[in-house]
Amino acid sequence: MNNKMPISVWILVIAMALNTTAASFLWPFNTLYIHDFLGESMTLAGVALLVNSALAIVGNYIGGTLFDRIGGKTTLMISVGLLLASSLGFLLFHATFFGYLVWLGLIGISGGLVFPTVYAFAGLIWPEGGRRSFNAIYVAQNVGVALGTAMSGQIARFNIEWIFYANFFLSVLFVVVLLFGLRYLKNPARPVVQSQLEAAATTLSSATMKSMWYVAVGYAVLWFVYVQWQGTIAVHSKDLGVTISQYSLLWTVNGAMIVFAQPLLNRVLRQFEDDLKRQLIIGASIFLGAFLIVPFAGGFGMFMVAMVVMTIGEMFVWPAVPTIAAKLAPPGKAGQYQGLVNIAASVGRMIGPTLSGFVYDMFGITAVFGMLLLLATLALTLFVIMKDIRVTEKSS
């Protein structure tokens, strides 16, 4: 069997690297820009990120549904057109809080359209690749994180306004790559016989579906914890003397680790064979360990240690989730299932900044750290009690 990744998947991988690079010029600085440059409270900064993630949830649902109903290529063209328009609007109208809120929200919905479409495409056009297509996209996104944060930190030192220009320029490149590669992307055949759909649905036991919900909720909770690095932890680190360039270096290391540690990680994951439950449990445990370190960080060095530990946990959990969704999705529902896990992530990103910003303003950073430890423990518990999920690679 051919183990070579097809060009259609490569197109998606390259495009997602550019998309994430573009986003990485913005998301590390959203809270800092709203709080420090627009002069708004942490709570309002959290509200802006809530709107972004809430509309991303809408985009995820619409994107997954459209993929299943009108096909991936049409959905992709709609998605990238809206994303490019939103990036241009954000560049032009971000100087007030209202403008920032509106265009950050539109970026949320357009980005939400893109993700389930790309993941569903990847799973269906190369089914024999198993988890490899999802892992390739995950690595590509983190190439984008490493490049985007490395460059954005240096650019922001001179003029933070330039990050908005960089975001728009890279969004243009993202659209160009997808339009160039559109001829290689073929809508995968979807079953149309109702009896086939019903037969597939009967194979999904209630216990298995319950596990899918455990995965989705645990994933949302871990994203709630994760986004604190872009919110309360970002502001807390700045208060402790961590500079903007040092802070962006944390994210550069995060992305670089994910990219360059892949060969070692792949060898480790082979020890799990197809046991994704164990992979999730170990990843969530490492996540918890990172947030046992953060409260004691007094400077850049300890924040870096915590980031490295969290990144290792992320590398176990993040690629496993879309793999589970692809395995459990019945025929004709690939888009909706990928939409579900992306909705879970967006829920965590939506609630996290707002709730933690409120807790930070009312009770201080110590209360935030206590909340994060409890939530990381909750995610670990959900992964422990769920039913086993095993995904066998389909390639030789």
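Reply: Start with a definition: a residue is buried when its relative accessible area is under 20%. Keep in mind that this is a predicted model.

Me: Why does Y100 count as buried?

Reply: Y100 has 1% relative accessibility. The cut-off is under 20%, so Y100 counts as buried.

Me: What about Y33, buried or exposed?

Reply: Y33 has a relative accessible area of 3%. That value also meets the limit of under 20%, so Y33 is buried.

Me: How many aromatic pairs does the structure hold?

Reply: It holds 17 aromatic pairs. Y33 and Y100 form a stacked pair.

Me: Why is the pair of Y33 and Y100 called stacked?

Reply: The ring centres are 5.5 Å apart, and pairing needs centres within 6.5 Å. The planes meet at 20 degrees. Planes under 30 degrees apart count as stacked, so this pair is stacked.

Me: What makes Y33 and Y100 a tie between parts of the chain?

Reply: Y33 lies in helix 2 and Y100 in helix 5. These parts are 67 residues apart in sequence, so the pair ties them together.

Me: Why is the pair of W229 and F303 edge-to-face?

Reply: The planes of W229 and F303 are at 80 degrees, with the centres 6.4 Å apart. The centres fall within 6.5 Å and the angle is over 60, so the pair is edge-to-face.

Me: How do you know that the charged end of R349 sits over the ring of W223?

Reply: The charged end of R349 is 4.6 Å from the ring centre of W223. The distance limit is within 6 Å, and the charge must also lie within 35 degrees of the ring normal. R349 is listed as sitting over that ring.

How values were computed. Residues numbered from 1 in each chain as written. Predicted model: local features only at pLDDT ≥ 70, side-chain atom pairs only at ≥ 80, totals over all residues. Heavy atoms only, no water. Phe/Tyr/Trp six-rings, centres within 6.5 Å; stacked < 30°, edge-to-face > 60°. Helix = DSSP H or I, 4+ residues; strand = E, 2+ residues; numbered from the N terminus. Buried < 20%, exposed > 50% of the residue type's maximum accessible area, 1.4 Å probe, protein only.
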